[in-house]
Amino acid sequence: MRSCIIAAAVFMAALMPFSVSRAAEDLESRLNQLDAELGRQGEIIREQQKTIETLREELARQEEPQPQPQQALGGSSPTSKEGSFFGGSALTNPSLSLVVDTFAYVSELEDDKLEARGIPGFTSEGPEQRQGFNLRAAELVLFAPVDPYFNLYANLPVTEEGIELEEAYAVTTALPAGWQVKGGKFKSNFSRLSAQHPHAWDFADIALPYRAFLGEEGMGGEKGVQLTYLPALPFFLQMGGEVLQGQNALLFGEEAASGPHAFSIFAKGSVDTGEHSTLHAGPFVLFGQTRSEAIIEEAEVDGKSELYGLEAAWKWQPASRRGLTLQGEYLYLRQRGNLSDASAAAIERLTRRQDGFYLQGIWRQDRWRFGGRYDALELLADTFEVAGVQRKRGETPWRATASLEFNPSEFTRIRLQYSHDDSGRDGRDNDECFLQFIFGIGAHAAHAF
């Protein structure tokens, strides 16, 4: 037994060097692995430090003060800003867009009757559309920031008669305290429809009071300067004024006076009326000298005009592609001057106090829009006195319109519109239909609310 124990001890002593050597090898291997892992972790930490430094430098560049465009196009929207319309990368490459506005037109009246169908007591000019196919315009729009202080905008409608410079103006972007100046030729922002281009209208034609007091396309482009003020308030409020050349042929006329002779003052405000609804409203006045041959056929009106108005629009939009917009405007004209009747070779005193309004609603459901509009003249005022004598012009002009739109995308609009027009005061109604197509390509501004 003793000899067995001694033999086992000798055997274990013989194996001892091999076990110690094996443990040392394992320990060295583990140390090598640990060293390699530490090296890898160090490399990761260094890469992360580089990333952190890069992000810090980027953050520092972003926090540096940079001039930002702040002009709302036309000043008519609390949310629309020109800088965001076309992106900030347009400093060297102007944004371009082309909008084609074309329609087919059917009416009970022949073209010669349409051309002569004015609104007696308001305008002697008939509508521009004709039976069959019509091309209103292909509008070429250019925009780019000039530098950190100005944006430049131009609109050139191309028609079958040629190309027109409807708008070309510069807008300041860096004036302090909410002030902004626009100068050049632009569409007046005194009222809601006046600031819109025809392709942005909710119907194929303009509301009846605008046609009666300003013409087929409203005020149109006017040379002048506009000053607006946007105070820092918890709600949108914009106030402004304009000095204009007065080229509108119906309300003013280029020959009415030398130099600028049309002026506007306006205010526009918006407040939220609920979680999904907003109310926009504002008063305005447009006034100046008048010399026009477009009011009465073969006669000229020379005097002073004042056009007062109130606009309102309520928008309810519970979803991005579903909503209702109700909109209306009231216009009141006061005009005093002389009426020169070429046929009678006489000059008599003219006094006009007339008004008009329109109400419309647009319901949007996905790609479809359904619209209805009622517009009329002489709601509360119908004075048309020549030499102190009221001239009777016939029944009250009015019109009712319904429309159906399909918008396959943001760049295409297909509109079918029917109107019953009783504005001619000639005893003949005009039932008319438009099938309108509007196509747009390129970068184009979002339209105001």
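Patches are made of residues with over 30% relative accessible area and no salt bridge, with like charges joined within 9 Å and nonpolar side chains (Val, Leu, Ile, Met, Phe, Trp, Tyr) within 5 Å; a salt bridge is a side-chain nitrogen of Lys or Arg within 4 Å of a carboxyl oxygen of Asp or Glu. Accessible areas come from the Shrake-Rupley method with a 1.4 Å probe, and for residues only the protein chains shown count as cover.

The model is predicted, with local features needing pLDDT of at least 70 and side-chain atom pairs pLDDT 80 or more, while totals for chains, interfaces and linings use all residues. Residues are numbered from 1 along each chain as its sequence is written, and side-chain values use heavy atoms, without hydrogens and water.

**Exercise 1.** Find the residues that make the nonpolar surface patch of about 440 Å².

Solution. Trp 368, Phe 370, Leu 404, Leu 416 and Leu 435 make this patch. Of these, Leu 416 lies in strand 17, residues 412-422 (strands are DSSP runs of E, at least two residues, and helices of H or I, at least four, numbered from the N terminus).

**Exercise 2.** Describe how strand 2 is paired with strand 1 and with strand 3.

Solution. Strands pair if DSSP finds at least two bridges between them. Strand 1 (residues 95-107) runs antiparallel to strand 2, joined by eleven bridges, and Val 100 has Ala 138 of strand 2 as its bridge partner. Strand 3 (residues 150-159) is also antiparallel to strand 2, over nine bridges, with Glu 139 opposite Pro 157. Two residues separate strand 2 from strand 3 in the hairpin that they form.
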